[in-house]
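Please find below my note on the model under discussion. The points proceed from the conventions to the chain as a whole and then to its aromatic residues.

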Amino acid sequence: MGLATPAGVTTLGYVLVGVALGTCSGLTPGLHANNFALLLASVVPALPGPPLALGAAMLAAGVVHTFLDVVPALALGVPDPATAAVTLPGHRLVLDGRGREALRLSALGSGLAVLVALPVAVPLTRVVDAVYPTLRRHLPLVLAGVALVVVATEPTWRRRLAAVGTLAVAAGLGWATLALDPAGLAAAGSVLAPLFAGLFGAPVLIEALEGEGVPPQAEPTVSLGRRTVLGTAGAGAGAGALVGYLPGVSAAVGTVLVLPVVPGRSGARGFLVASSGANTANTVFALFALVALGTPRTGVMVAMERVDATGPLLPLVGATCLAAAAGFALVVSVGDAYLRTVGRLDYTRVSLGTGCLLVAVAYLFAGVVGLAVFALATFVGLLPVVLGVRRVHLMAVLAPAVVPS
């Protein structure tokens, strides 16, 4: 379908609408990609237009969201330097005045991962199609092995034991909450919103409450070499494949698994490139899994399936490429302004305001039950801070949803 045809023009218009929606959602603190996708699933089908155009809008929104969600994460989750040892790698770069470089590293990771993912998605999907029945039968063992490897990446035995405890508590939280069916104000209610806001949003804000905020940022020169950037972005694409085809594996988990195979020591910068790449490449692989296997792996793919926008594939790939180009440009242009604006504000008020937004998101999606889940998840989310382990272990909260009963 060419862009010169009426259908092509319509689809392009919807892609641009999706880019605008993804920009708004990606820059909104606490709005997880899956929660945003559920909102799309409830709103977009009511809009006029062919299913393919609606699907392209959803896909573009999801891709742009994966580019831009790093911006509020960097700007609004910056702790005091004294607590930097247990913060996310991107936050450490902001504390060192390298936030503008961090934004560009994230954009490079996402953009390059898309370029890597597109040509390998078709053959990889065929391989997965052949082995997936066997993989599904042994999924509990596979996920247990993944958890074991992630725990083993902690540097000391004390931290490994603490990681096991964190993982067990997070899984228990999932068993207790994922089966709930709360009634929120949003038509696409979901307990995932308060869960993720509490596990990953509120603890960072609590850490940052007495922090110094965003310090002045230096020039955005990228200090990693080209080969290192390419290697870590490729690793991110590999992590995205794990996430796209294997239930229960997050982008952060995938990054922890694949980054050790990258030669050289890239530290926080390499992790940022790889995790951003995994986050975006996941959408590409999930698209091919949906079209070829009929299995939606992400919230965006679930939303697309609801409007029967599962093909033809070529226009959807084109929408992905356009959205990736827009997301790359927006990270650089909007991200710098975002950091400057937050840096001028009273950071305690910013943290409190963002915390109130997270509470509002929890209530919007899950009502009073969501507020209780949010509070409980916040306590669980503080465990990695107290125990000095990675937050990635908290993703065990999703294990009950993917392990067959």
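1. A residue is called buried under 20% relative accessible area, exposed over 50%, and partly exposed in between (1.4 Å probe, protein chains only). The model is predicted: local features need pLDDT of at least 70 and side-chain atom pairs count only at pLDDT 80 or more, whereas totals for chains, interfaces and linings use all residues. Residues are numbered from 1 along each chain as its sequence is written, and side-chain values use heavy atoms, with hydrogens and water left out.

2. The chain has 17 helices and zero strands; these are DSSP runs numbered from the N terminus (helices H or I, at least four residues; strands E, at least two). Of its 405 residues, 52% are buried.

3. Among contacts (heavy atoms within 4.5 Å) with a separation of 6 or more, 81% join residues 24 or more positions apart.

4. Two aromatic pairs are present. Phe 196 and Phe 200 form a stacked pair, because their ring centres are 5.9 Å apart and their planes lie at 20°; pairing requires centres of Phe, Tyr or Trp rings (for Trp, the six-membered ring) within 6.5 Å, and planes under 30 degrees apart count as stacked, over 60 as edge-to-face and the rest as tilted.

5. Both Phe 196 and Phe 200 belong to helix α9 (residues 192-208), four residues apart, or about one turn of the helix. Phe 196 is buried at 10% relative accessibility, while Phe 200, at 24%, is partly exposed.
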